[in-house]
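Hi,

Here is the structure we talked about handing over. Please open it alongside this note, which runs through what turned up.

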Amino acid sequence: MIFTIEEINRSGTLLPNTTVGYKILDDCASSTTATQAALTLVNGRQEMISANDCKGLPNVLAIIGGGGSSQSIALSRTIGRFKMPLISYFSTCACLSNRQEHPAFYRTIPSDYYQSKLLAQLIKKFGWTWIGTVRSNNDYGIFGMEAFLEDIQKLGICVAFSVSFSRTDPKEKVTEIVQVIKRSTTKVVVAFSAGREMRILLREIVRQNVSGIQWIGSEAWVTGEPLAPEESTEFLTGTIGPAIHTAEVIGLREFLLQVHPSTVSDNTFATEFWETTFKCTLLPESELKSNADPENPQCSGDESLHGVNNAYSDFTMDGSSYNVYKAVYVFAHAVHDMLACEEGKGPFTNGTCAHISTYEPWQLLHYMQSVNFTTTSGENVYFESSGDPVAIYDLMNWQVNKNGLPEIVNIGYYDASASSGQPIVLNEEAIVWNGGKSKVPRAICSESCLPGTHKVYRKGQPVCCFDCTQCADGEISNTTDALDCVKCPPGYWPNSNRDKCFPKEIEFLSFDETLGIVLVALALGGICGNIAIVGVFLQFKDTPIVKANNSELSFLLLFALTLCFLCSLTFIGEPSVWSCMLQRVSFGITFVLCISCVLTKTILVLMAFKATLPNNNVMKWFGPTQQRFGVFGLTFIQGFICIIWLSIAPPFPMKNTSYYREIIILECHVGSTIAFYCVSGYIAVLSCVCFILAFLARKLPDNFNEAQCITFSMLVFCVVWIAFIPAYVSSPGKYTVAVEVFAILASSFALLLCIFVPKCTIILLKPETNTRKHVMSKMTS
């Protein structure tokens with residue numbers, strides 16, 4: 001401060017013809033002492049005075065201080081009422097930015113509001129979500145940690161433990177805090193503490209030998225020397241934290257080397273420094289005899305600072321000293337602007353200006369707010385509306401040099417005014433972590449949930465502690481640490497990892513697959529068999545066996561069976577509106593046509609037997625015309641039901657997603673359930689009636705009794721469709737359709753083989769029995 005004031009007084013442009021004076025008092029890191037010192041400076045007296053004596057102009061124009069947030073808060077609340085400008089170089093509490101409570105407070109050190117943001121962004125940048133926090137129990141630690149916790153909460157970072165202590169706390173409390181750090185599952189600890197408190201904590205860390213802690217420090221201690229060099233190497237290597245931005249000040253080195261008690265005899269600080277540095281005393285000889293100390297002889301006066309090797313000899317200006325430098329210049333520029341005011345153009349009432357002999361403190365405040373200048377190092381200094389400067393920090397990292405001693409290395413910087421939106425510039429490759437490692441340590445409560453899973457928070461624990469659960473069926477998550485899974489769109493299904501949705505597989509009974517080919521081959525085989533039998537019957541249409549079994553009904557039945565085989569093909573292939581309607585209607589009508597023909601043939605067998613009895617001419621009521629009308633009438637009823645079915649609620653194609661969640665089954669919905677049951681029930685009734693009649697006629701005493709063939713064919717027919725019901729219900733997907741097609745083919749083959757193969761066997765293999773005599777003869781007992 002003295003160097004800066006003397007530099008200003010030598011300047012010909014800043015405050016010309018004006019000399020800046022100063023008075024330095026020590027606040028002893030005490031709010032009470034700081035308040036007493038401030039009142040002394042303001043009133044010009046060495047003792048406390050009453051409020052009634054606070055009259056007249058202040059003894060000083062502004063106060064530079066205090067050295068800590070607690071002291072500055074006390075000063076601001078005391079002298080701030082008089083609107084005396086207070087410029088602090090080391091008070092960082094964000095609470096001091098409140099203009100309502102601290103209207104006259106300014107500072108050249110950034111607010112902890114920015115430091116808290118910087119620390120939170122560093123934690124986020126390194127991927128840590130599970131950290132511990134330690135703070136000193138004063139205004140600096142309380143408000144700084146409060147802002148930091150608010151920031152990390154927004155970033156989703158959790159706190160494993162949060163402890164605080166004061167340097168006046170008993171040793172047991174500090175010991176317990178170290179035990180908490182030792183037991184914790186995280187090894188990343190953020191310490192928002194003043195230097196003195198941190199020194200106490202770290203000494204206990206050393207005593208309990210708690211190594212492996214990755215410290216993230218605040219600027220108050222991270223560039224200090226809280227431990228001996230050998231202890232710092234073991235316990236503080238890897239420590240990262242912000243430091244107040246520094247700059248070289250030209251002329252400071254020469255000024256410091258010229259310091260001598262003889263040139264500053266009234267400076268008690270210089271005297272104390274000199275005696276401590278050279279371990280001698282500056283007392284006069286008369287006083288030295290009565291206060292003889294063999295270890296501290298009288299100073300010779302030839303001592304030189306050029307050979308000193310201590311903290312004083314490091315002429316690199318630290319952050320707090322540089323802030324003092326800027327604070328003095330802020331005051332000087334504010335007074336300079338105030339004195340440069342022209343009457344009639346001033347900022348006060350009627351364009352008036354403030355005068356140094358009569359000014360009020362609030363008038364200097366006006367110029368303080370508008371200060372804007374550039375230092376000799378090229379830094380632009382100005383204040384925001386809150387009295388805070390633009391936040392700029394250097395980022396420091398504790399490393400070990402070649403000599404095995406701790407070394408604090410600059411690894412980047414933080415600029416809150418960065419236009420790029422990226423305030424942190426960091427050389428991550430240059431960072432050395434705890435234990436001398438080059439890999440970023442891990443600090444998480446739970447491993448990240450991979451895509452395909454989602455978080456399930458543990459009850460009673462922070463949000464960073466969770467379990468990863470696989471997404472439910474039909475849901476995916478395609479991001480890491482997803483909170484919830486999302487359902488796939490309709491028609492889509494997750495892959496095996498459940499991180500992507502793919503279109504569901506479409507399934508239907510296709511002509512291209514093996515099952516479809518086999519069923520088509522069976523249908524074509526049935527059709528070919530029909531054609532072959534028709535050819536045999538046409539070739540031998542005049543033989544007794546063909547005539548005796550009503551060749552017209554036989555040809556009609558063969559035609560109906562051909563339609564049945566063709567009908568099965570409509571069930572194969574991708575369902576469409578027309579195919580769905582065609583398969584149901586064709587199935588219903590063709591099978592009724594078949595059963596009608598078989599039923600008519602069965603009735604003819606019964607009627608033929610009745611006609612052989614004396615005085616019975618029943619056959620005249622069941623001639624060819626009546627047979628045709630019977631078949632037509634029974635088939636017409638089924639056709640009429642089908643027309644109503646198609647008119648009201650016809651079958652339609654649908655996508656069945658209920659059976660397989662990952663497969664879409666294309667199938668035909670029956671539309672009207674009632675109509676479906678009517679069509680099916682009608683076939684069942686005709687089949688039962690036909691079976692019963694054939695069963696009754698099976699033992700008629702003819703050599704060739706067709707009722708036996710019909711009975712057996714209807715028995716197989718009924719067994720097939722009875723077995724079809726449970727098989728249909730239990731078959732999945734396309735196999736449901738395959739079962740139905742197989743039932744159609746099996747029942748058609750039953751009618752074809754049981755009714756016509758015996759006739760063809762006689763025609764082709766036993767022609768000697770294909771005579772009228774043999775057909776008309778009775779069976780012998």
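Start with helix H6 (residues 171–183) and helix H7 (residues 195–207). In this predicted model, they pack at an angle of about 65 degrees, with their axes 10 Å apart. The crossing is right-handed. On the H6 side, the contact is made by Lys171, Val174, Thr175, Ile177, Val178 and Ile181. H7 answers with Ile200, Leu201, Glu204, Ile205 and Arg207. Sorted by class, that contact has seven nonpolar, one polar and three charged residues.

Next pair: H2 and H3. Helix H2 spans 31–43, and helix H3 spans 69–79. Their axes come within 8 Å and cross at roughly 40 degrees. That angle makes H2 oblique to H3. H2 passes H3 in a right-handed crossing. From H2, the residues in contact are Ser31, Ala34, Thr35, Ala38, Leu39 and Val42. From H3, they are Ser70, Gln71, Ala74, Leu75, Thr78 and Ile79.

Asn17 is in the loop between helix H1 (2–10) and H2. Asn17 is not a glycine, yet it has a positive phi of about 60 degrees. The other detail is a cis peptide bond, from Gly65 to Gly66, with omega near -5 degrees. Gly66 belongs to the loop between strand S1 (63–64) and H3.

H12 passes H13 in a right-handed crossing. H12 brings Val330, Phe331, Ala334, Val335, Asp337 and Met338 to the contact. H13 brings Leu364, Tyr367 and Met368. By class, this contact has eight nonpolar, no polar and one charged residues.

Last, a pocket. What is the volume of the second largest pocket? About 1,200 Å³. Its lining counts 42 residues. Nearest the centre of this pocket lie Arg584, Phe676, Phe724, Tyr728 and Glu740. Sorted by class, the lining has 26 nonpolar, twelve polar and four charged residues.

Which elements each supply at least two residues of that lining? These do:

- helix H17 (577–611)
- strand S21 (652–656)
- strand S22 (663–669)
- helix H19 (673–696)
- helix H20 (706–730)
- helix H21 (734–765)

To find your way around on screen, go to Arg584 and Glu740, two of the residues nearest the pocket centre. For the loops, pick Asn17 and Gly66.

Best wishes

Terms used. Residues numbered from 1 in each chain as written. Predicted model: local features only at pLDDT ≥ 70, side-chain atom pairs only at ≥ 80, totals over all residues. Heavy atoms only, no water. 1 Å grid on protein atoms, 1.4 Å probe; cavity = no way out; pocket = protein on both sides within 12 Å on 5 of 7 lines; lining within 4 Å. Points joined across faces, edges and corners; volume = space filled by probe spheres on them. Helix = DSSP H or I, 4+ residues; strand = E, 2+ residues; numbered from the N terminus. Nonpolar A, V, L, I, M, F, W, Y, C, P; charged D, E, K, R; others polar. Left-handed = near helix turned anticlockwise from the far one by under 90°. Contact = heavy atoms within 4.5 Å. Axes fitted to C-alpha atoms, helices over the stretch in contact; angles between N-to-C directions. Parallel < 35°, antiparallel > 145°, perpendicular 65-115°, else oblique.
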